[in-house]
Amino acid sequence: MSNNDSDTLSAHDAPEFAPAQFVRWFREVAPYVHRFRGKTFVVGFGGELIADDFLSTLIPDLSLLSALGIRLVLVHGSRPQVNEQLLLKGEKNTFGRGTSPTSPAALECAKEAAGEIRLDIEAAFSQGLPNTPMSHAQIRVISGNFVTARPVGVIDGIDYQHAGAVRKMDTESMRKILDQGAIVLLSPLGFSPTGDAFDLGMEEVALNAAVALRAEKLIYLTPAPLANLDADQTIDGELARADADQLLNANALSEDSSVFLRSASQAVKRGIARAHIVPYPLDGSILLEIFTHDGVGTMVVEDTLDDLRPATLDDVASILQLIEPLEADGTLVPRGRAVVEREVERFTVLEHDGIIYGCVSVTPYLDDGMVEMACLIVHSEWQGSGEGELLLRHAESRARAMGAKRLFVLTTRTSHWFIKRGFVQGGVSDLPKEKQALYNRSRNSLVFIKKL
């Protein structure tokens, strides 16, 4: 998810005392606090974060998430630390991205690095100095043999020795720890029933932990934002899994970006609602990603984009079938075929197996910085699985892309649905002047507005 760099200050550079701004921000994050309390987040970061000395700034932010009731599973990597140990021992082969053969010497280096990093993380969570974010924090970090691994084996004639793959996760033990309010810490190591240790990839461990625990979010903290090398631009905002896979197939990303995006895409495909790729050098990036609307990284979502598409003239009959029952009972203003045909480019439809089961339209009033959302409809047989929220998010995204600052709706019967989703009641005078002139006072529709 994106944010304008000029709007994002380092916490150290922010004004020391700005009461109104503080109160407004505190109120704005409250819905996120309510939403995520009791949810499980899996946070994965490579050894680069530790080598770059960002652990001391990350841990207080993770401590805050834990204090807010978010259940945390941390997965650390150790590649630079292992490579450093290998070079010191005179070994020529070091680890890059992906699975590599792991010699007995490399496995020993991986064990040493994992032990040192685990102690560093535990020490960081044990801070409690006054006048610091960790003051009064009493957070337990528990690690253990939660990951069962298997050997990669021999591939194309190459023996991968102690390189492994995740076989299963001890979710029962991890859930008991999370239920106690403690943080689970996983290293990139796994163990077989024979007692052998295997070197694993941090991304693989984090992905499997998130899927096994049915986590709300999988968050990767990376050295740099996701970037498209061909277009020389940062990839931020909300990215549908289909678009993520298209980027991966185009080979337009750096090796690091490809690894993280591929894992995020797999996580969403396997049932994780949202997978985030967030740059750790930005101060407070994990808080900004979670508690602000636009965030600062890239969020991969399923978004069922295979079902979501712009409407065409061929869809008019199906749109009318959705609209007509609501027109008949007075929920919607009668439009008629001619109006829908004339405004079809404003519509987006949900289609599955050739059946259109939902729609929404957006009408810009950009002189007033506003966009109207109308005809948000999901067929009754398809309701209850989040399709309404999907259409709402799509409408918000289209409105922001147009440059609008506010989205508004007129409704007579669904006010509570919009209030629960962040809309605030306004009046006719809050509408764009052009819309005020068209307002049907006999219907006495309520006006709801949402800031984008």
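**View 1. A nonpolar patch on the surface around Trp-25.** In this predicted model, Phe-22, Val-23, Trp-25 and Phe-26 form a nonpolar patch with about 420 Å² of accessible area together (Shrake-Rupley method with a 1.4 Å probe, only the protein chains shown counting as cover). Patches are made of residues with over 30% relative accessible area and no salt bridge, where like charges are joined within 9 Å and nonpolar side chains (Val, Leu, Ile, Met, Phe, Trp, Tyr) within 5 Å. Trp-25 lies in helix H1, residues 19–36 (helices, H or I, have at least four residues and strands, E, at least two, both being DSSP runs numbered from the N terminus). At 39% relative accessibility, Trp-25 counts as partly exposed, a class between buried, under 20%, and exposed, over 50% (1.4 Å probe, protein chains only). Residues are numbered from 1 along each chain as its sequence is written, and side-chain values use heavy atoms, with hydrogens and water left out. Because the model is predicted, local features need pLDDT of at least 70 and side-chain atom pairs count only at pLDDT 80 or more, whereas totals for chains, interfaces and linings use all residues.

**View 2. The salt bridge between Arg-79 and Glu-48.** The closest N and O atoms of this pair are 2.8 Å apart (a salt bridge is a side-chain nitrogen of Lys or Arg within 4 Å of a carboxyl oxygen of Asp or Glu). The pair links distant parts of the chain, 31 residues apart, with Arg-79 in helix H4 and Glu-48 in helix H2. Arg-79 is partly exposed, with a relative accessible area of 24%, while Glu-48, at 18%, counts as buried.

**View 3. An open sheet of 7 strands.** The strands follow the order S17-S18-S19-S20-S21-S23-S22, and their pairing is mixed (two strands pair if DSSP finds at least two bridges between them). Strands S17 (308–310) and S22 (424–426) stand at the edges, each with a single partner strand, so one side of each is left without a neighbour in the sheet. S22 and S23 (residues 446–451) run antiparallel and are joined by 3 bridges, and the bridge partner of Gly-426 in S23 is Val-447.

**View 4. The salt bridge between Lys-450 and Glu-396.** The side chains of Lys-450 and Glu-396 meet at 2.6 Å, N to O. Lys-450 lies in strand S23 and Glu-396 in helix H13, so the pair ties together parts that are 54 residues apart in sequence. Lys-450 is buried at 14% relative accessibility, and Glu-396 is buried at 6%.
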